[in-house]
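Please report on the local geometry of this model.

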Amino acid sequence: MDYNFTEIEKKWQKYWEENQTFKVDIDHSKPKYYVLDMFPYPSGAGLHVGHPLGYIASDIYSRYKRLQGFNVLHPMGYDAFGLPAEQYAIQTGQHPAVTTDENISRYRSQLNKIGFSYDWSREVKTCDPEYYKWTQWTFIQLFKHWYNNKTNRAEPLEKLVEIFEKEGNINIDASSSDVKTFSAGEWKRMSEKEQQEILLCYRLAYLAETMVNWCPALGTVLANDEVKDGVSLRGGHPVEQKEMRQWLLRVTAYAERLLDGLEKLNWSDSLKEIQRNWIGRSEGATIRFEILHSPDMEKLDEQIEVFTTRPDTIFGATYMVLAPEHQLVEKITPEDYKKAVADYIDETKKKTERERLAEAKSISGQFTGAYAKHPFSGKPLQIWISDYVLAGYGTGAIMAVPAHDSRDYDFAKYFNLPIIEVISGGDISEGSYDSIEGTVINSDFLNGLPVKEAIETVTKELEARGIGERKVNYRLRDAIFSRQRYWGEPFPVYYKENMPYVLDEKRLPLVLPEVDAYLPTEKGEPPLGHAKNWKTEEGYPLELSTMPGFAGSSAYYIRYMDPHNDTRLVSEEANRYWKNVDLYIGGTEHATGHLIYSRFWNKFLFDIGVVCKDEPFSKLINQGMIQGRSNFVYRIKNTNKFVSFNLKDKYDVTPIHVDVNIVHNDILDIEAFRKWNPEYVNAEFITGGDGKYLCGYAIEKMSKSMYNVVTPDDIIEQYGADTLRMYEMFLGPLEQAKPWDTNGIDGVFKFFIKVWKLFHDKNNRFNISDEEPTTGELKILHTAIKKVREDIERFSFNTSVSAFMICVNQLSSIKCNKRAILEKLLVLLSPFAPHITEELWEKCGKKESIANAGFPEHNPGYLKEDYVKYPITFNGKMKFTLDFPADMKPPEIEESVLDNDSVKNQIGDKKVKKVIVVPKKIVNIVI
RNA sequence: GCGGAUGUGGCGUAAUUGGUAGCCGCGCCAGACUUAGGAUCUGGUGCCUCACGGCGUGGGGGUUCGAGUCCCUCCAUCCGCACCA
């Protein structure tokens, strides 16, 4: 074959590596542009063709920006800590570092074959101590800072301690855990341990007893975004609720900023919406209810605080509900109800998260025997516990307004509790009326007000009486940051008198120790419990948990700016130059995990002056998933006979997945099939009339079990990397999910052969001419330049591929081999197909890489048309076209059209009501 | 249930602002050439109809000279959230 892609691609990949073509440094003479891919977790299965889709798109954009004179930072690395390597280690005893290294080198070689313009000198691996030193460092900073709501930023803890010494915490408005008020004197009288206990309530990285998602099968806790439908995202193991002392990051401190920051970002609306939902801001009020009838009431002086978005319905509150886990449950329950309440709590505890979700519709609850006093009417309200109230949201307690909340309504009906209508507009005998359209009734001083005004009025009244406040509540929870696992970053934390202290920064990195088993210890400690001498030089024990997956991925984009700096996370110079990521491409699966955490992490680093930008990713594109296209053969039941797809309905058949790599255009390679599985050696086939066995197909997830996995390596071997890159883009819009079907790839491959032929004669001798191009040739080229450039700008790479095909088809048909045209075409094509264009560029006599050429400008002068082909439509339906000079005025066109014989023929004896002429567009004749 | 996205030939898709629906490919059909290759080249290919012509962008309705595009309504598929008070 004349176009020897294998040789060409090897040659240029080697050239780029040897010449460090894509190595970048700070260069103040050029504008910077930062293009980032979400770095991969190097799994044992390697890459399939779906994985590089986003990488190809970002590489095209990087190369394009580079050709336009930008200094483009385009790095790659590995998210290398994580569960699969550790699970594998448990099974095989193989150290996770070893498997991880193997997987990384496989990924690296797969990536290299695709011809990416990465600056590999900046590669990072999250499991490298030189890298996780800075993950640990950031953790220490989080530990040493608190969030001041007054200044709306993180501040050093020293400052907080100074205030405590002066005036206690009475005037502090911080994002903190529940903490009692104390005076300066009280603070000073506290022991160090007591003080540390208090400070822990303010730290942005803190240790607390909380309900966690415990996954027994994985032996670790999981964050909310790692659990879906009550099972772990990785592995699908059941998850249960459990109270444990865990590290948390005070992400909620940044809830408001995380929400507001979305406005400025150039992200898709759907992604922003997912983040908004996850943050879950709701406005309302907290209201405190006094507790009545409890035997210990006088002594306890406890109140129930609830959060509601509908304080206007307070007169409709007929009972209260606490989450079963609520702290007050025990205190308020009178003796004669203790057993019933304890039984109910036991019952709910036993249920896993999954069961709770499954039983969501069934109603259960238990009266505590205690009552609350309605703050306005003074009437007693029964206090219940029920698992329909979530401990983790709001205050874990609600005032139930059955007339205007469907869940309360169902509960009230079930337990026969009173229902009072307070908003007109519904029919409460039928169901609750949850709408905010209506007028307040049966509500004392709120009567007659529309809902919105009533909310204002009642909130002011609550504040005036000191029984409630306006409150903004978030669904977002603080992120649980410990994992009881081995393969993660060790916490730079030790314990003294059971209180956590962080290591001196000079001691970083705290290197992950060797252990002889990756399982929990006999005492039930995490795997680090097996490590010898896992303590500080002073002998204090070190933390046994490790950090979760999102720790290492939260600031990797910052580290790329200055990856080898061993004194700082990033130098000020590097950060000021590269600023933040201009274009980030990755999958939508990170919408609520990585993309929230790294925004939080970045905002914190911004507050403490490490980075200069408040948001990490200015523009973000989610590439669509590439689905698999599976093929099936149809075995006649109880035989070893297979019937072709088109005849299968005549038999009773079982569809069987067949490896897509032995099927071509849905025609089965029968010999390969016999060899594929010993079971089929003697298989018989009922073929269609032409002797071919036709397979069925289906679009499914690309996975081994469906035998529909296609690897980039196979495609590159057969067609080359340029064809792979181009075809991935040709499949359809970047953001859309689409199936991979290798069958279509021939069209793209033929395109490259045509490109090759433009530069070569019949005998494959390089042959281009220095003749002046014609206006026709210039028009073909400049149409393509304009189209491709516009398409790249809007990330519409599929349409630019067709533009290239049109251009090359046209140049081929006129046998254009002129240097002035072809050289520009090469540069235009080089971001998509870097190898073949480098090769032809070199053959054109160029000494320097095409990556350093300039992107061609289109000249509108070449695109001007003398004539416009006007579609002539009758009542909007196109019949034929007529040519008119481009500068001809509408009235003249109208006259000329009506004079045309074909037009007259169409009109016949009908009457022309109206003629519409849209210049350069269309003529419509209304008859 | 709430929120978002998407519905166009046999398939992947195209159609900047409302202006020729189906570009570019795959597949299919026919032909050419050939050391029968899953090669290359040429032509054709939305559907119905011998044709004239008609119908066509998930269904129905509307606005408009003109709707894939705008509005209303319904349906389907996918994704996210889901007792969030």
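The report below takes these topics in turn.

This is a predicted model, in which local features need pLDDT of at least 70, side-chain atom pairs count only at pLDDT 80 or more, and totals for chains, interfaces and linings use all residues. Residues are numbered from 1 along each chain as its sequence is written, chains are lettered from A and ligands numbered from 1 in the order in which they are written, and side-chain values use heavy atoms, with hydrogens and water left out.

**Helix H22**

Helices (H or I, at least four residues) and strands (E, at least two) are DSSP runs, numbered from the N terminus. Buried means under 20% relative accessible area, exposed means over 50%, and partly exposed lies in between, with a 1.4 Å probe and protein chains only.

Helix H22 spans residues 712–719, and its buried residues are Pro712, Ile715, Ile716 and Tyr719. They lie on the same side of H22, because they cover an arc of only 100° around the axis. That arc is taken from the directions from the helix axis to the C-beta atoms. Glu717 and Gln718 are exposed on the other side of H22.

What covers the buried residues? The cover includes helices H1 (5–19), H4 (96–114), H23 (721–730) and H24 (745–759). Contact here means heavy atoms within 4.5 Å. Just after H22 comes Gly720, with a positive phi of about 95°.

**Salt bridges**

A salt bridge is a side-chain nitrogen of Lys or Arg within 4 Å of a carboxyl oxygen of Asp or Glu. The whole structure holds 51 of them.

| Pair | N to O distance |
|---|---|
| Arg288 and Glu469 | 3.0 Å |
| Asp614 and Lys603 | 3.2 Å |
| Asp666 and Arg629 | 2.9 Å |

Take the salt bridge of Arg288 and Glu469. It links distant parts of the chain: Arg288 sits in strand S11 (residues 281–292) and Glu469 in strand S17 (residues 468–474), 181 residues apart. Arg288 is buried at 18% relative accessible area. Glu469 is partly exposed at 32%.

Next comes the salt bridge of Asp614 and Lys603. Asp614 is in the loop between helix H20 (594–607) and strand S22 (617–622), while Lys603 is in H20 itself, 11 residues apart. Both Asp614 and Lys603 are buried. These two also belong to a salt-bridge network with Arg257, Lys264, Arg599, Asp607 and Glu615.

Asp666 lies in the loop between strands S26 (663–664) and S27 (667–668), and Arg629 in strand S23 (residues 626–636), 37 residues apart. Asp666 is buried at 13% relative accessibility. Arg629 is buried too, at 12%.

**Backbone exceptions**

Most residues other than glycine have a negative phi, and most peptide bonds are trans. Which peptide bond is cis, with omega near -5°? The bond from Leu508 to Pro509. Pro509 falls in the loop between strand S20 (499–502) and helix H17 (549–553).

Gln20 is not a glycine, yet its phi is positive, near 45°. Gln20 sits in the loop between H1 and strand S1 (32–37). Is Gln20 buried or partly exposed? At 45% relative accessibility, Gln20 is partly exposed.

Phe795, also not a glycine, has a positive phi of about 55°. Its place is the loop between helix H25 (775–793) and helix H26 (797–813). Phe795 is buried, with a relative accessible area of 10%.
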